[in-house]
Amino acid sequence: MKKIRFWSGDIAAAEGAIAAGCRFFAGYPITPASDIAEHMALRLPQENGIFIQMEDELASMAAILGASWGGAKVMTATSGPGFSLMQENIGLGAITETPCVVADVQRAGPSTGMPTLVGQGDVMQSRWGSHGDYETIVISPSSPQESFDLIIRAFNLAELYRVPVIFLMDECVAHMSERVVVPPKEKIEVVERLKPSMPPEQYMPFKPLNNIAPMAIAGMGYKIHVTGLTHNEKGYPQTTSTEVQEWMIRHICDKIRKNERKIRDIEEYEMDDAEIAVVSFGIAGRSAKAAVKIARKHGIKAGLIRLKTIWPFPEEYFENAADNIKKFIVAEINYGQVKLEVERSIHGKASVELLPKFGGAVHTPMEIYNKIKEAKNGN
Amino acid sequence: MNYWVEKKEKQIHANVFIIKDRCKECGFCIEFCPQGVLKVSEEFNSKGYHPPKLVETETKKCIGCGFCSMICPDFAIFVEKEEENEKN
Amino acid sequence: MEIEAEANPMDKYLRADRIPHIWCPGCGLGIVLNAFLHAIDELKIDMDELAIVSGIGCTGRIAGYINCDSYHTTHGRAIPFATGLRLANPEMKVVVISGDGDLFAIGGNHFIHAARRNIDITVIGVNNYNYGMTGGQLGPTTPLGARTTTSPYGNVEHPFNLCHVAHASGAVYVARWTVLHAVRLKNSIKEAMNKNGFSFIEVIAACPTTYGRRNKMPTGLDEMKYYREHSIIRHGIDPSQANIEIGKDIIVGKFIDIEKPTYSDAFEELKKRVKK
């Protein structure tokens, strides 16, 4: 039977993670993500899981990778300053293809910034934060309900693609409390890890079958070697082979890039005949939706494109959308990040305008509506 | 059940196994062999190092303590005990 | 009798296709690996239930040579990675083998906290007084006055006494050996691995190429002879009395061997209470 709960986004994300099978959480306190850790500390022991508070975010990220190789579904949660520290081992997670979920509850930055207030400035960092070429999947919820629903998807995608998935929340979504419908357990789709079944001598821990290699966890008897060095299909370091480097980079990037359509999750609202499209995500997406409603009341053909998955960026989607859109207004709580991606994707077919907020506050619907109105009037 | 039988002291002797091509000539086995039974050979291995060899006059002196194998960084030497005079 | 051989009995624990290892002639790391393999051989450890975790550096490469589940992680993060692995998979024996720079400079914070929590892992810290792989820079254990590429006029920093750090942080087992004490080192590894909780063994190892050469001990043999002449075994001594200084004796031995509940023990207790 479904249950109705009144949860904040942080609590909903923690409960969603548990529903998705997360049984290991390592984290370090940071506003506005601490509620996730606190709830995990409360709930995981009840679910036969493990909670550990580490000494910093470097350690938290390393611990969840270790636990993932130990066989658990794992998660950590942080905010900007901690997310910066986690980048090191997000890179290790990417190169070793380790399933894990990292919740980054964004606050206004850079550096310590505005710890208790909203920001959406980590969009690029969530994709490009660690050095070298790699891909991540980045999911952005707009409500506590989506925090619950989408974090389950985040865990599933992490397992399906053997990749760190960034759950890019923001302070408002994390701290607001709303009604959350929790479906009955049997209605929740949970993806389990693909593990090898072949004899050890035939197993290549990094050789993809279809899209990813089955993952042998510690103790299965496969005696695998896992390294952050450039490695071949067997997992052995090949630090001077440009061929192996090319093979490995193509693999860890293409397994995501080539599945962009499958990963893509976009809410379209009033887009059928829209000429002006507001692009937004997270908490800003809710103001944008209200603005589109106002615009429609005033007879303006405006629509909303709300990104629930930000990365891999839906380039193809935007290129097609641009055939019918005259102007894209990108409303985000930063000084222009998703805007750059929209611009890049549409190849000049339409104009793109940024409607920034600099952190600490969310766009009001009227601010966005006024921008729509200006666009309609050709400004 | 022969503990009342007077036993002669065992003559412990061991064979020294050398994997010549693994040797990097650090000299540890030669320096620290408690019986002094090893020395540098004149031959070159495939890496260009001189692996150790038994001193010709001391071929029976190895007692098989295995210290050479413990301090070899390259897994190039080990010993196996061969017990003689056991039933005398 | 001398017999030419093709394989070593320890080869069965090695990834044969990755040997020879990368370490320089005279380097002590091969001895640490050797002592470790002898220890697991004598303990009859099931290699399917052993996980080795290492960080970055020359010592960090050890993980890749042992034929078990092995994880070569990021610089300094071997211990937190091992923490996650051990907690999520309590069937595994988890051993961290890494160097002084990895464990005590970039990873120092993780070391003290894992010891404090009493995570059930064994940490073998190889101390060669410098960063070998990057060319011999000053490290957290470089003795006062020693010359390295980043202390060309002599080191002016006070080094860590690793065993004292381990003891002060709460490790339940603390020992120090040089690589010359290979047999005692092996025995210590056996004891440490049988210990319930955070056990630490410091191994002083020669690094002739980047450290010894600049400090009047240009070969591994020079350093090994120094250990023979200058190490004194003092079991049970307070680790704070065992600083390492140039020209002074190196105090080795088993310093600490105590019992206390591990993080896992305590967490299992907690889970039982919560479920009631």
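Predicted model: local features only at pLDDT ≥ 70, side-chain atom pairs only at ≥ 80, totals over all residues.
Residues are numbered from 1 along each chain as its sequence is written, chains are lettered from A and ligands numbered from 1 in the order in which they are written, and side-chain values use heavy atoms, leaving out hydrogens and water.

**Chain B**
- Along the sequence, chain B follows the pattern β-α-β-β-α-β, where helices (H or I, at least four residues) and strands (E, at least two) are DSSP runs numbered from the N terminus.
- Of the 88 residues in chain B, 47% are buried, meaning under 20% relative accessible area (1.4 Å probe, protein chains only).

**Chain C with chain B**
- In contact (heavy atoms within 4.5 Å) are 36 residues of chain C and 32 residues of chain B.
- The rule finds four salt bridges across this interface, each a side-chain nitrogen of Lys or Arg within 4 Å of a carboxyl oxygen of Asp or Glu.
- D11(C) forms a salt bridge with R22(B), with the closest N and O atoms 2.6 Å apart.
- Helix 1 of chain C gives seven residues, the largest share of the side of chain C that touches chain B.

**Helix 3 of chain A**
- Because 13 of its 13 residues are buried, helix 3 of chain A is largely enclosed by the rest of the structure.
- After helix 3 of chain A comes G71(A), with a positive phi near 115°.

Terms used:
Buried < 20%, exposed > 50% of the residue type's maximum accessible area, 1.4 Å probe, protein only.
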